Amino acid sequence: MSLQSPRSFRKSHELFERAAKVVPGGIYGHTSPAVMIPGAFPYYGQRASGSRYWDVDGNEYIDYMCGYGPMVLGHGHPVVEEAALRQQRDALCLNHPGAAMVELAETLVETVDFADWAVLGKNGSDMTTWAIQVAREFTHRKKILKAAGAYHGIDPWCTPGHAGLIEEDRAHIHDFNWNDLESFEARLKEFPGQIAAVILTPFHHPTFKPSVMPAEGFMKGIEAACQREGIVFILDDIRAGFRLHHGGSHRYFGFEPDLICFCKAIANGHPLSAALGRKELRIAASKVFLTGSYWQSPPPMAASLACLKVLREENAVETIRRVGTALMTGLVAAGAKHGYEMISSGPPALPLLTFANDASLRRQQRFCIEATARGAFLHPHHNWFVSAAHTDADVAETLRIADEAFAVLRESEGAKPAA
Amino acid sequence: MKGPLDPRALSELYMRAVLPCLSELALQDEVSGAMIAGWKSDFTFRLLQHLGVTLDFRDGRITHHPFRVLYPDIDFAFLSERHLNEFFDGKIWPPPLIMRGVWRIGKLKAFSALADRLEKFLEGKGDLLNDPANRRIYTRLNLMLAGFGLKVLAEYDPFSQAILKSLPEGLAEFTIGGQAGATTWFDNRAGNYDAGWGTPPRQADVTVRFSDIEVACIALQDKSDTLADVGLLKITVDGLVPLADGLNVVMERLRDYLEPPPQPKTRS
């Protein structure tokens, strides 16, 4: 089976050849070609607008990755960009925080029901790592529980990588199984009085696998156990925050954590992250040192204020839910038309389409290559992102593309199995 | 993060991953082939109280069996894992107990020379790899060692077992473009691991393909930026990517066992 795209990625490859000489990995991290299908997807992007982006070779795509999440309102949203630009004209980086920081903290505290305070950073890892420190400071305990296979960032305690780590980095980090309260309770029994925090994403979204929603009672069970045992419950809402509910994903799923971490959709692409918490954690939070070279830069905060306002005023999560539902329902039906049993996992705002009976992932990869070659950028291994800029017309075009992609796949595999 | 090395794992690596490479050495290296021409005998290696392995020399070929034949011509036995590991690491005293065939001095000397040659090719030190023919042999042998090493580590090394537990099940093959038969494979099925050299028993769930022997040679020396090579299509990964990624981590663990600890780097 050929895994080449009919699109030209000449400039992407030329850039990568240059990069490979001066950048370890060429491109590192989650956008590395190695995480996609090298040669069949673009490596470098050029520009973007609304629900579309163009790679450096001029190929246009309906963007279902949204910069891996941040573009919740679509690329280049005029209200957000104007707010950021206006702030930037005043100052980019000062000796002090600006008024925007105070205004944003106030807005966030008003937005998230259980929160009494907020701090700001740049990336998701900044917040998740700081949050577990706050939990340790508050509880005077060492141990952290997390779901096996969950992603919480790139710091040594949680990075999915293996290089550069020492045993001590994870001596107090322990896994339990997602949706398995028994395995969680077993950890509580194993480490009585020693667990500072449980950190969970609102739904389980491991790379290379379908997403898994929280089972009925799972999050409530965690919440109750944390209250009972004096454990801080941290919600890592970096990926899903503000896509499922304007007030945080705990509202969507019906539970209440003690700390919540946001990033991605908080400022529609401007570099910002945040952590918010209950008043009981306020003193501990004030003691855990937190800073960074650009962390008090006002423009991303101004962008965030504008982004959160638009999200709320335009009821963007409902638009995203409706479009995402239409997309995934249509894709499952398109697959069925060609004889494929498709699995739509995750919430409609952050969906993933996979094939049943595709242990090697080759069908998934081929389908995403064919769809991307036709202009719908579908990641084969990572959950997708729907934005408020995606339209019904985008969905219709994507479903037409998917129909062609499924047909190519079917032709390469032979006749459709009898019903 | 990787934890201490397990002496039993190292013993098994020597017996079940390093020794099998002799069969490929005899096929690929004319000097080694000539050394064993006319041999018709079998050697066994074992830890006392444990199953051993057999090297069967016949018709100019060497076959490795993962069991000990009953009446070998020469039977090497080691008192402990440490005894075996130190011997294979070059510390020849105390020597192994030769339970059978002690009078076959000539054969023992010849085998020692053959083992030295294998070690030389597996290590690839000095100017050995300046010669393209040597690079080819080095690369094939190390790829073979990696495949069999995966199976041993899966069975004996706690760090590797923890990694494998988090990986999808499936068969992975690692192959080199333009090199007939240069394919090593590992079947990751919990509790029933298998590995081999040559065509795998079924279609691989993931195929890692080095575009040519030079790309593979550099990669196996840990001297290439393999992520960049993947982007440059010098290395392709087709299929179950997370299995290949995880096995790569286990393969790196092999170096912890079989290579001396790296020295602090000096500027070149």
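Guide: What follows covers a sheet and the helices around it, in a predicted model.

Visitor: What's the strand order in the open sheet of chain B?
Guide: S8-S7-S6-S9-S10. That is five strands, with mixed pairing.

Visitor: Which strands stand at the edges?
Guide: S8 (194-197) and S10 (235-239) of chain B. Each has a single partner strand, so one side of each lacks a neighbour in the sheet.

Visitor: How much are neighbouring strands turned against each other?
Guide: By 10° on average, direction ignored.

Visitor: And S6 with S9 in chain B, parallel or antiparallel?
Guide: Parallel. Five bridges join S6 (residues 170-176) to S9 (residues 206-210). Within that region, B:Thr175 stands opposite B:Arg209 of S9(B).

Visitor: Which helix of chain A packs on the sheet?
Guide: H11, residues 362-373 of chain A.

Visitor: Which strands does H6 of chain B lie across?
Guide: S6, S7 (183-188), S8 and S9 of chain B. H6 spans residues 132-156 and runs at about 170° to S8(B).

Visitor: Switching to helix pairs. How do H2(B) and H6(B) cross?
Guide: At roughly 160°, with axes coming within 9 Å. Angles over 145 degrees count as roughly antiparallel, so H2(B) and H6(B) are roughly antiparallel to each other. Their crossing is right-handed.

Visitor: Which residues make the contact?
Guide: From H2(B), they include B:Leu25 and B:Gln28. From H6(B), they include B:Arg136, B:Leu141 and B:Met144. The contact residues divide into six nonpolar, two polar and three charged.

Technical notes
Residues are numbered from 1 along each chain as its sequence is written. Chains are lettered from A and ligands numbered from 1 in the order in which they are written. This is a predicted model: local features need pLDDT of at least 70, side-chain atom pairs count only at pLDDT 80 or more; totals for chains, interfaces and linings use all residues. Side-chain values use heavy atoms; hydrogens and water are left out. Two strands pair if DSSP finds at least two bridges between them. Helices (H or I, at least four residues) and strands (E, at least two) are DSSP runs, numbered from the N terminus. Axes are lines fitted to C-alpha atoms, for helices over the stretch in contact, and angles run from 0 to 180 degrees between N-to-C directions. Contact means heavy atoms within 4.5 Å. Angles under 35 degrees count as roughly parallel, over 145 as roughly antiparallel, 65 to 115 as roughly perpendicular and the rest as oblique. A crossing is left-handed if the near helix is turned anticlockwise from the far one by less than a right angle, and right-handed if clockwise. Ala, Val, Leu, Ile, Met, Phe, Trp, Tyr, Cys and Pro count as nonpolar, Asp, Glu, Lys and Arg as charged, and the others, Gly among them, as polar.
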